[in-house]
Structures are given as C-alpha cells and as structure tokens.
Amino acid sequence: MTHSSPLPTRRRVLHRRALAMLSIVAAVAAALVVFAPVTTPSAEAVFSGSNGKTGCSAVNMGHTRYPKFWYSGLTSRVASHTDYARTYIVNTSDISSSKDSSLDANTNVVMADGAYTSTCGFDWYNEVDGGTLALTTCDTVYSSGDCRQHTVRISTTYFDGATTTQARGLLCHELGHAFGLMHASSSGTCMKYGVTNPAQDWDSSEMSQINANY
Amino acid sequence: MASSRLSATKIGVGALIALTLSTAVATVINLQEGRAESVPTAVATSPASTDRGANETAEYAIALLGDRTAGTDNGAREKTFADLLPNHTFQVGSAEPVALASGIVIGTVTGVEPGSAYSADGGSDAGSELDFADPDALWREIVLTVSVDSALGEVSGDATVRIGLAIDGTADIDKATAGFESLGRIIAVLDGPGEFAFDPEVYSVRQGGGLVGLVAEDGSISFPYLGEKNAEFLDGLDTVTDVLTEATGPDVISKVERAGASPSQD
C-alpha cells in the first residue's frame, strides 16, 4: 500500500531535513535541561563527603546510618526541637537515628546548648549584635575519613527567644551539617546560611545525597 | 535504518553537549573544592585577590578566612557594610543607639604573633587554655599588627592597631602565620578590645574574625569570608574611598527588633 504525498519531491526532502534539524535541536535542548549546572547543584556543592576534616570549620559526613545522639544536659526546648528534627527530617531519610544510653567514644552526635560567648572564637549571639546561632564541629575521625563524633552547639541566648520556625530551621541546619550537608544558596532548604525565617527541611538534592551516602 | 541513524545522531549530539557541559561543571566543582581546601573562590576573580594571585602563602590565609563559617549558622545584625560604620547606629527598644562596630582600620599587616589556644570538649564554651602549639587545640588565636593608613571609630588616629583572629585548630600554624604576614593591605571591622584573655588590649574582628577584607591596589575591597555574598554585603561601598566618604555622611539611626528575629534580616 502506498501513499501519495501532497508535497513535491524537493519540498519533501527539505521537509525531512527540517524535521531532522528539529530533532537535533530537541536533543540539544534535552541535553541542556539534563546537564544544566544551574538547575542541578553538584554533589560537592551540597555534600561534604568523607574528607577527614575536624575542627571549628569542618563539615564532614558521619560514619553510620544508625547514628546515636547524646543530649548533653539540653534545655527542654532544645531537646524537643532536636527530637522533632530527628523524627521529621533525619529519620525520613535513609538515616535512622536514636538516642544513646551513655556518652562515650561510640556516640555519634553530641547535642549541647548554652549561652556561648567564645567557642571557636566566634562572636556568639547577643540581642544587639546578633551573631553565631549554632555551630557543628567534627571532633574525631575514623581512619577512613568519616567523622566519628560531631558536637552540635546551640546558643540558648538565641534559642530561648526564637520562634518555632526559627528553632526548627536551626536544628534542621545543624543536623544537616552533622551528616555532611554544606551551606546552600537556595531558600528552599534549611541549609541556607543566615536566614531569619528558614525553611524547615532539606531539599530534594540534599536528601538524595544523604540517601546515596548512608 | 533511517530511524536508527537519526537516533544515533541524536545520541551523538547529546553526548557532545553533555561532555561540553560536564567540563563546565567540573570547572565549577574544582573551584569549589579549591575554596574548601586551599584556594579562595568567590573572591578569586576580584581585583583584591588577583593582586595576590601568585602568592600561595597569602591564599592559605585567605582560605582560612573563607572557611570560617562552614559549620555554623549566623544571625548578624548588619546586613551591609554601611551598617558597621560609626555614623550608623542601632536602637533596640528605648536603649541608647549604639554603633555595631567599634572601629574600622585600613592598613598593612606588618607582623603576626601567637596568642593562645583552646580546647572545648563536651560542648563546653571556652574550655581549657592550652599552649599555643598544642595539637589538641580546637582553635587558636593569633595577633596581626596593622600599620594604619586610615581608621574610623575608636582606633581613629592610631598609628598601629593589633587585632586578634581565631583560626581553626587544624590549620598549619607556620603556613597561617606566613599567610597572614603576606596579606598586604587589609581592611578590618573591629569589635572592642577585651575579647582576648591573653592580651586585653587586642581588638577582635567583627563576625568572629570574618570581617578581615583584602584591599587591592586600586582600592577595591573584598571579604573572602563572605564568599558569594560579598557584593551584596558591600552594597556599593566597593572601595576604601567609598567607605571613608560614607562614614562622613549624616548620622543614621535604625530602630530594630531583637537580632535574628527582624523580618528585615531576610
């Protein structure tokens, strides 16, 4: 069975060439969408990986997907918001955190709070100047480079007067650091730095990195 | 077959584009890794750091400044450099308006001295003081001596100003010392003296030591610590001349709410 074309032969050729060109343009456009760096943050920009770093400026991923948390004399408000962040953020990823029965070398995350003024030489929060609200340090590492124990410090000077949105966002931010998340430029994640009314969760690219690495 | 050839063409073009764009992404990644490890990024193309581009020693110190806030969250009151000038004051409630910074110094680093070192186990605040070179230090404090060419606020008229900086305990002390010595001309926003137990006359630097900026030969300013927020923070005060001119303008008093809770901070 044959079909007669309404187009003359030369026009059919041009038509096929036009279709082929459109296909190539479509392929290029698709490639741009898939590989465009603007829409897909690199893993390195989102996630620290295992880098062996310790200290005041270290963001280094944890060692286990079953991290144990020790609450070091936390105020009830910091403790309850830490519980919230673990339950509704951390434990919705492939990480399953729990509370430790004692503080020892196998504790993965030490949660601490206080009216900090000088830890790591930062200008900690006060009502006039603002300042550092919280800090996550990696204190010891395994030979593999994974962080063995993190300490998260929350400024009670800030936290006691923080709104629920601020409190949840801050815990989300610091626990993100404890699992290797870096600062983000997007306001769609709690990992954005220095935001008054932060997002309450990690974004999908951050969650993907967490799930791919734990 | 025609269809197969067309598909192959699509894949080939797609792969070519992918390869090209992957190269571009890799370049970005390398820059970001550079910032994390040893090389400044956001200021890497600024005039200030270009002057020091061949100086790996200075770059080590610049990277230390740039990495300071990696694991923190911050609610600093100031949103722009202008907020830190002596003629810009803030009033919380009915309290007296206060300037956020005690001064600003512009000058050349002429020396670096050791200060002290600290550990802070178990989430404590200041922790224990250690010998400066103790390998267990969580952070160390060093002192830069700056030969002043312009100054505002408390340090106005001083020929030299000594400023303290905290550096990470894992930083190489010798490289950091050499790096800060080779920074050349800097601009530093100062908090008052009295922060450092080892010498109460040493000034501390605003934002936990972060607001030490570089001054290029053309007078332009950049703060490595601020990364991609540098331009937003400077907000038009891009040169030393801009800063000094703004500081002689009319007084500005801002009424504010509790820091960190003000909607204007977003």
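Chain A of this predicted model averages a pLDDT of 85, and 79% of its residues score at least 70. In chain A, strand β2 (residues 98-99) has the highest confidence, at 98, while helix α1 (residues 9-35) has the lowest, at a mean of 50.

Over residues 1-10 of chain A, pLDDT stays under 50, and the model has three contacts beyond four places in sequence for them. Residues 28-39 of chain A also stay under 50, with 14 contacts beyond four places in sequence. Where pLDDT is low, the predicted coordinates should not be read in detail.

Now turn to chain B and its helices. Two packed helices are described by the angle between their axes and the distance between the axes. Take helix α3 (residues 56-66) and helix α4 (residues 173-181) of chain B: their axes come within 7 Å and cross at roughly 100°. Angles of 65 to 115 degrees count as roughly perpendicular, so α3(B) and α4(B) are roughly perpendicular to each other. From α3(B), the contact takes in T57(B), A58(B), Y60(B), A61(B) and L64(B); from α4(B), K175(B), A176(B), A178(B), G179(B) and F180(B). By class, the residues of this contact between α3(B) and α4(B) are seven nonpolar, two polar and one charged.

Chain B also holds an open sheet. Its three strands run in the order β3-β2-β12, with mixed pairing. The edges are β3 (98-99) and β12 (252-256) of chain B, each pairing on one side only. Strand β2 (residues 88-92) of chain B is antiparallel to β3(B), and two bridges join them. In one of these strands, β3(B), A99(B) is the bridge partner of T89(B).

Key
Residues numbered from 1 in each chain as written. Chains lettered and ligands numbered in written order. Predicted model: local features only at pLDDT ≥ 70, side-chain atom pairs only at ≥ 80, totals over all residues. Pairing = 2+ DSSP bridges. Helix = DSSP H or I, 4+ residues; strand = E, 2+ residues; numbered from the N terminus. pLDDT = per-residue confidence, 0-100. Contact = placed C-beta atoms within 7 Å. Axes fitted to C-alpha atoms, helices over the stretch in contact; angles between N-to-C directions. Parallel < 35°, antiparallel > 145°, perpendicular 65-115°, else oblique. Nonpolar A, V, L, I, M, F, W, Y, C, P; charged D, E, K, R; others polar.
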